[in-house]
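The sequence and the structure come first.

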Amino acid sequence: MDLPARLGLLELIRLSASAESNCRRLRLALRAAPSSRVEEAVRELARAEAEYTSRAAQVTPATVRWRRAFTATERADTTLGTALARTRQLAGSGQPRTKGARRAAETALLAELSAMPKTLIRAAHALLVQSSGGKDSIVTVDRVVRWADSVGCLDKVVVVHADIGQDAEWPGVLDLARQQAERYGVRFIVVKAPVGFLGMVEKRGLWPDAQNRLCTSTLKRDEAAKVFTQIVDELGLDEQALLVNCLGIRASESFSRRQKHELAIDHRASSSRRLVLTWHPVFHLSETAIWKEIADNALDYHPVYDTLIPRLSCIFCILASFDVLVRAVRLCWVLGLPTPKTYVDLEGRIGHRFKNQFSLAQVVEEAARLEAAEGPITWRRGDAIRHHLGDDAATDYLRRLALAA
Ligand code: SF4
């Protein structure tokens, strides 16, 4: 099966899933429509005929909409089934008249596509790389740029950085993400929500948590979606645009990330104007493998990693462990940043603990205890490489980094 056929099938899968979700929503709307209350009103004879008519008028459109969505689901499934039945490779997966069969077809098609990154890059109209400036982003940008360059598609690459507020990020993160993009000569876009991380917490009176990662969805994902619209407008195509959105997440980072796939349809961001595929080019790399690629390619990384803080996230990330947060507080003190006090004050003001298990005030208390016992933390450039790959690798990396500068 050729690539356009595969992409055509993916679009049909997306349409089928979208029709089904629409159908489900409208079925719920139909159930919630006031027909039962109309019957109750009639039974009790407590309401006037005008109200009955008005309520009945709400039921009818809901029923029509639900029927229409149901028919659209049937039609989309049938079209998809016919298209899949024509392809020999996927004939075994049968007619995708069930959600399970459709998912199986989707997974098979996407697995095939992710195994041929250069073909995917050629087919894409734009490749967006979401970069936090952190180690996984650096390697993701480097891989996508190298693959795109090798097939003459460097002009399709756009690096996107979500600024979540300078008072929440380590200093230099935005500049580093920009320099990483400039190093390859690719376009760099900064997106920023009207209210940053601390403003969002203040407004809600709650810190986000692992189950409600509003910080990621509001400050990063929703803002990135605006770039999809901008790029599609700029492309000005008559056909549906294929956008490949690259993220530097890895399976080994967490259980929930392990459940994701290397390549997936972004159903939420796709529409008739754009098919958005989410691609994780470093999905199967371990942390050590990431550091090896950074060392091998002399990629510049943020000095925070040299203090052995494992992620270049917000200064205080809601997903970080107690020990990492303690280290972050101590690093703030060395750098003269007011962030620990800002966060502890905010925590006191909203009366909600930073994490379920402990407060930031407790983190700061522990940091002060360690500071008194050990003195300020120290580090040397290259310590992250030294820690993961050894002394020789760090020496070699620093030498090559200086040459590349
Ligand atoms: S780094 Fe952590 S706190 Fe910051 S936006 Fe991401 S998940 Fe939220």
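Between which domains does the ligand lie, and why? Domain 2 (126–279) and domain 3 (288–404) both contribute residues to the shell around the ligand, so the ligand lies between them. The domain bounds come from an automatic or database domain assignment.

The model is predicted: local features need pLDDT of at least 70, side-chain atom pairs count only at pLDDT 80 or more, and totals for chains, interfaces and linings use all residues. Residues are numbered from 1 along each chain as its sequence is written, and side-chain values use heavy atoms, with hydrogens and water left out.

**Overall build**

The protein has 16 helices and six strands; these are DSSP runs numbered from the N terminus, helices being H or I with at least four residues and strands E with at least two. Its C-alpha atoms fill a box of roughly 80 × 60 × 35 Å along the principal axes. Of the 405 residues, 47% count as buried. Buried means under 20% relative accessible area, exposed over 50%, and partly exposed in between, with a 1.4 Å probe and protein chains only.

**Ligand site**

Phe197, Arg213, Cys215, Thr216, Lys220, Ser313, Cys314, Cys317 and Ile318 surround the ligand; a residue is near a molecule if one of its heavy atoms lies within 4 Å of it. Helix α9 (residues 214–235) supplies the largest share of this shell, three residues. By class, the shell has five nonpolar, two polar and two charged residues. Here Ala, Val, Leu, Ile, Met, Phe, Trp, Tyr, Cys and Pro count as nonpolar, Asp, Glu, Lys and Arg as charged, and the others, Gly among them, as polar.

The space taken by the ligand is the largest pocket. On a 1 Å grid over the protein atoms alone, a pocket is an open set of points with protein on both sides within 12 Å along at least five of seven lines, whereas a cavity is a set where a 1.4 Å probe fits but cannot get out; lining residues have an atom within 4 Å of a point. A molecule sits in either if more than half of its atoms lie within 2 Å of its grid points.

**Salt bridges**

The structure holds 27 salt bridges, each a side-chain nitrogen of Lys or Arg within 4 Å of a carboxyl oxygen of Asp or Glu.

| Glu223 | Lys226 | 2.9 Å |

Lys226 and Glu223 are three residues apart in helix α9, so about one helical turn separates them. Lys226 is partly exposed at 49% relative accessible area, while Glu223 is buried at 7%. Glu253 is partly exposed at 27% and Arg257 is buried at 14%. Asp383 and Arg386 lie three residues apart in helix α15 (residues 383–389), about one turn of the helix, and both are buried. A network of salt bridges links Asp142, Arg143, Arg146 and Glu293.

**Positive phi**

Ala298 is not a glycine, yet has a positive phi of about 50°. Ala298 is placed in the loop between α11 (287–296) and α12 (322–335) and is buried, with a relative accessible area of 8%. Leu308, also other than glycine, has a positive phi near 65°. Leu308 is in the loop between α11 and α12 and is partly exposed, at 41%.
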